[in-house]
Amino acid sequence: MTKEIKKDIIADAALSCFLASGYGATSVDEIAKASGMSKGGIYWHFKSKEDIFLYIITRMIDEWNNHYLATLKETRTASDKLSKYVEHRINEVDAPIIALVLEFLLQNKDKENVIKMNCEIHKPTSIIYNIIKEAIDNGEFKPLDPNILTLSFLAIFDGIVLQIFMHKNKQLLEKTVRTALDIFLTGVRAS
């Protein structure tokens, strides 16, 4: 069995434990038991429980990004690409991993782990930036700062998702997100 397969076995077992008990309440002993590996075997592949969690998040975000990028193959306009991003996010908004990420960020006191998590969470930023930059370059969007537009776009949708995550109303999320997308696109489209 390769090292990557063993890491994935540990990560899958850990994710099951995290989903069942929460991030903070899960111990490395529980992960070892669930994975069928010794505690030493866990530490051979990962430095800590935090390292396992970061591996899980990296893997999930990479899968999410790859899936999103695959949906763009036939999409031409930036407006449509951003619409697909919003739809993709709506489909994932009630995934239990989001609560685990928030728990991790709230409980983790290690600044380096928080920075690593933020880097993972913000991987889609470069995808959105490239879409917006291309739209500006080809005249679809107004000649505005692509960094500011990217951060504005993500802030709008991350804020809405956080609000709806707390209120647990997916229908309201869908209506709010579609309205916000229309407002954003109306403001940035070239005349």
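F153 counts as buried, at 0% relative accessibility; buried means under 20% relative accessible area, exposed over 50% and partly exposed in between, with a 1.4 Å probe and protein chains only. This is a predicted model, in which local features need pLDDT of at least 70 and side-chain atom pairs count only at pLDDT 80 or more, while totals for chains, interfaces and linings use all residues. Residues are numbered from 1 along each chain as its sequence is written, and side-chain values use heavy atoms, with hydrogens and water left out.

Leaving aside neighbours within four places in sequence, F153 is in contact (heavy atoms within 4.5 Å) with L82, Y85, V86, I128, I132, L181 and F184.

Rings of Phe, Tyr and Trp (its six-membered ring) pair if their centres lie within 6.5 Å; planes under 30 degrees apart count as stacked, over 60 as edge-to-face and the rest as tilted. The structure holds 12 such aromatic pairs. One of them, between F46 and Y55, is edge-to-face, at 5.3 Å centre to centre and 70° between the planes. Both F46 and Y55 are buried. Y85 and F153 form a tilted pair, with 5.6 Å centre to centre and 55° between the planes. This pair links distant parts of the chain, since Y85 lies in helix α5 and F153 in helix α9, 68 residues apart; helices (H or I, at least four residues) and strands (E, at least two) are DSSP runs, numbered from the N terminus. Y85 is buried as well, with a relative accessible area of 3%. Ring pairs also join W64, Y68, Y85, F153, F157 and F184 into a cluster.
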